[in-house]
Amino acid sequence: MARLKVRVTGIVQGVGFRPFIYRLAVRKGLNGYVRNRGDAGVEILLEGDEEKIDDFLRELRAKKPPLAVIHEIKTSHLKGKYRFKEFTIQKSSREAELSGSIIPPDIAICDDCLRELRDPKDPRYDYFFITCTNCGPRYTVIESLPYDRENTTMRDFPMCQFCMNEYADPLNRRFHAQTIACPKCGPKVYLTDNRGERIESNDPIRMAGQLVSEGHIVAIKGYGGFHLAASTLMDEPLLRLRRAKHRRQKPFAIMARSLDAVRSFAEVNRRERELLTSYARPIVLLKKSENYYLSDLIAPGLHNVGVMLPYTGLHYMLFDMTDDPAFVMTSANPPNQPIVKDDEEALKRLGDIADYMLFHNRRIAQRCDDSVIRVHGESTVFLRRSRGYAPAPIMLRHAAKRCAVGLGGELNNTGCILLGRKAFLTQHIGDVENVETRAFLESSMRHLIHLTNGKVEVIACDLHPKFVTTSLAEEFSEENDWQMIQIQHHHAHIAALMAEHGIDEIIGIACDGYGYGLDGEAWGGEILLCTWESMDFKRLAHLERQPLIGGDLATRYPLRMAAGILHGRVDVEEWLLQHRKSFPHGEREIEVILKQIKRGRGIRTTSCGRILDAAAAILDVCYERTYEGEPAMKLESLAISGRDILKLKPTIANDILDTTEPLIEIFENKSRYSKADLAYSLHSYLARGLAELAIEKAMEENVKAIGFSGGVACNQILTTIMRRIIEDSGLKFLVHNSIPPGDGGLSLGQAAIAAFSNQT
Ligand code: ZN
Ligand code: ZN
Ligand code: FE
């Protein structure tokens with residue numbers, strides 16, 4: 001006979017943890033209670049047989065709900081007599097007021113629900129919106145906290161008696177499942193043509209699947225917005241989709257019917273399999289297999305393809321009447337717009353693209369794109385952290401000194417609120433360049449601040465004077481009387497790493513395409529010393545400055561970048577003329593470019609991304625960038641099968657790594673060696689050069705850790721080589737684990753500087 005108090009900390013609120021504890025206690029015949037204790041986690045009091053309490057604790061760890069993350073379990077034995085005759089869930093009235101509450105992300109359909117979906121005897125057989133306490137939409141249905149049905153878009157669907165009984169039964173899997181529904185009382189699905197005219201069908205989902213399989217484009221409403229679905233085996237619908245979305249080359253994500261289907265066209269290792277089948281069901285970038293047989297229009301010029309598995313009942317049913325291994329499932333967003341979430345908006349904006357629309361009548365409260373992940377060896381690299389992850393907080397090692405908000409930069413943006421040890425990041429917002437995406441960031445940020453009940457003191461944004469996010473920060477600051485600080489782009493990248501790993505000082509290697517520098521120049525290949533001691537950092541070294549011929553045009557047309565670098569050592573004129581067709585204005589444009597090069601003035605950049613771009617042009621991989629990162633990504637895809645044939649020694653002088661020489665070497669060896677080997681050689685040069693520089697600086701400054709951040713850190717080859725050299729030197733090498741290395745992680749870095757720094 002024993003009495004035990006148990007404290008569980010971690011992500012244990014709003015994730016079905018208390019009902020789980022209740023069921024477990026009742027099953028073990030234990031009395032007592034479970035209740036939320038705010039930031040202190042969940043408190044459980046148990047009375048009963050000692051053996052049964054031990055069993056309870058074992059199963060608590062082993063069988064916890066999918067979304068729960070347990071950081072610590074503390075137990076203490078209590079003296080005294082039994083006080084409880086049963087086990088209860090104690091509700092605390094103040095729950096909604098607690099700051100930093102956890103808002104659960106959407107979770108993929110669980111195995112139990114999937115089994116019921118397929119069981120003809122089950123009341124929810126064939127019901128597309130089958131969910132339980134362990135699965136279903138969360139963030140995308142929640143309008144306010146506490147997380148009760150009344151505060152979600154499910155309030156439009158009053159429960160029938162059958163659902164009500166399950167909802168009220170503590171021993172049922174759907175006890176307090178806020179999204180509980182059945183074919184009788186829950187959301188309905190229907191098919192229309194592209195003008196919204198109903199198409200009669202007693203099986204609209206499977207009919208939609210067949211339509212996709214036959215070559216039609218179907219807009220499909222999901223948890224966080226609409227997808228556009230198309231065949232992966234036919235070129236025609238993909239060409240149409242590319243034209244309509246103005247996406248000439250940008251890869252489309254696909255949804256495969258099963259893991260076996262994935263293995264028929266892509267390589268899947270253990271870590272990738274775990275991610276594909278996880279509750280978050282992200283899109284995982286997988287290496288195309290030797291006998292890849294899907295349309296080349298899905299991920300043109302890349303060695304990998306983004307794949308996800310079905311994550312709702314609807315998705316599973318979509319494939320039932322087809323043999324297709326996968327469908328293209330790309331976010332339905334018009335160019336430069338957020339993903340479409342409302343029915344009317346869908347008809348208006350997608351009617352021209354889609355042939356048919358598969359709707360359901362449940363409103364979407366928050367839009368949320370799919371997440372995208374890539375695996376480097378054992379570690380996962382977020383390219384986009386959104387559905388399945390956001391807005392669950394990232395738990396930091398140290399508590400913030402003040403509550404701070406970060407609004408990020410411009411491209412691939414997110415927002416962040418940091419309070420206590422929790423960093424809440426918004427879902428993927430996209431490129432904040434116009435009113436629509438600005439409004440999306442603003443409303444998501446307001447929603448998150450409201451849900452977490454954070455008492456914000458500081459708002460941080462980028463140093464760039466013209467970013468939309470900078471003006472939004474000014475607005476927020478004025479409206480709420482928050483202090484506003486501007487953070488240099490690469491400083492924010494490195495600070496995000498420091499916050500994630502809970503360290504106080506670091507030599508950071510920040511490599512990306514562009515960030516506004518302290519001197520107003522374009523930065524992007526930086527070695528920085530960062531600490532929390534002040535809001536400043538030290539720029540210790542960087543890549544060689546290279547001319548951006550024609551400013552932004554050099555980013556769009558990597559041939560310009562290459563010409564600016566090669567000039568003087570190579571007959572650039574002749575080379576450019578060979579490629580005259582790749583310039584919109586042909587020879588006339590080349591004349592202007594040559595004049596600009598000779599004049600030698602204009603903006604320069606230290607960007608690592610631009611060097612990779614230039615190499616992509618030199619090696620004929622990419623002459624025009626049609627999406628963010630395209631030339632560099634295609635260069636990596638080429639290099640992945642190469643080896644270091646040139647073995648160039650990094651040239652470093654005055655803390656600057658030379659980038660001209662390696663590009664000339666590549667140019668001059670084009671006819672001697674394979675392009676893959678040359679592409680790899682450049683990667684090797686940059687990785688070794690940056691690692692050497694960083695190690696030298698770490699020794700000088702007596703810093704023990706080196707970190708790698710910025711969009712270029714998504715590159716597997718660079719990361720792998722750097723890691724080997726830096727770890728061999730006895731230093732720690734840190735990369736991002738829970739947020740994107742690219743600009744999607746910027747908001748956390750900004751908020752971290754505002755929250756952790758000793759202010760000056
Ligand atoms: Zn379920
Ligand atoms: Zn029902
Ligand atoms: Fe960046």
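Author: Helix H2, which covers residues 50–62, lies across S1, S3 and S4 and runs at about 5 degrees to S1. Contact here means heavy atoms within 4.5 Å, and angles run from 0 to 180 degrees between N-to-C directions, with axes fitted to C-alpha atoms and, for helices, over the stretch in contact. Helices (H or I, at least four residues) and strands (E, at least two) are DSSP runs numbered from the N terminus.

This is a predicted model, in which local features need pLDDT of at least 70 and side-chain atom pairs count only at pLDDT 80 or more, while totals for chains, interfaces and linings use all residues. Residues are numbered from 1 along each chain as its sequence is written, chains are lettered from A and ligands numbered from 1 in the order in which they are written, and side-chain values use heavy atoms, leaving out hydrogens and water.

The sheet itself is open, with 5 strands in the order S4-S1-S3-S2-S5 and mixed pairing, where two strands pair if DSSP finds at least two bridges between them. Strands S4 (69–77) and S5 (87–90) each have a single partner strand, so each edge strand has one side without a neighbour in the sheet. From one strand to the next, the twist averages 15 degrees. Within the sheet, S2 (residues 31–36) and S3 (residues 42–48) run antiparallel and are joined by 6 bridges; in one of these strands, S3, Glu47 is the bridge partner of Asn31. Helix H1 (residues 17–28) lies across S1 (2–11), S2, S3, S4 and S5, and its direction is at about 170 degrees to S5.

Cys110 lies in the loop between S5 and helix H3 (111–117), and Cys132 in the loop between H3 and helix H4 (161–168), so the pair ties together parts that are 22 residues apart in sequence. Cys110, at 7% relative accessibility, counts as buried, and Cys132 is buried at 0%, where buried means under 20% relative accessible area, exposed over 50% and partly exposed in between (1.4 Å probe, protein chains only).
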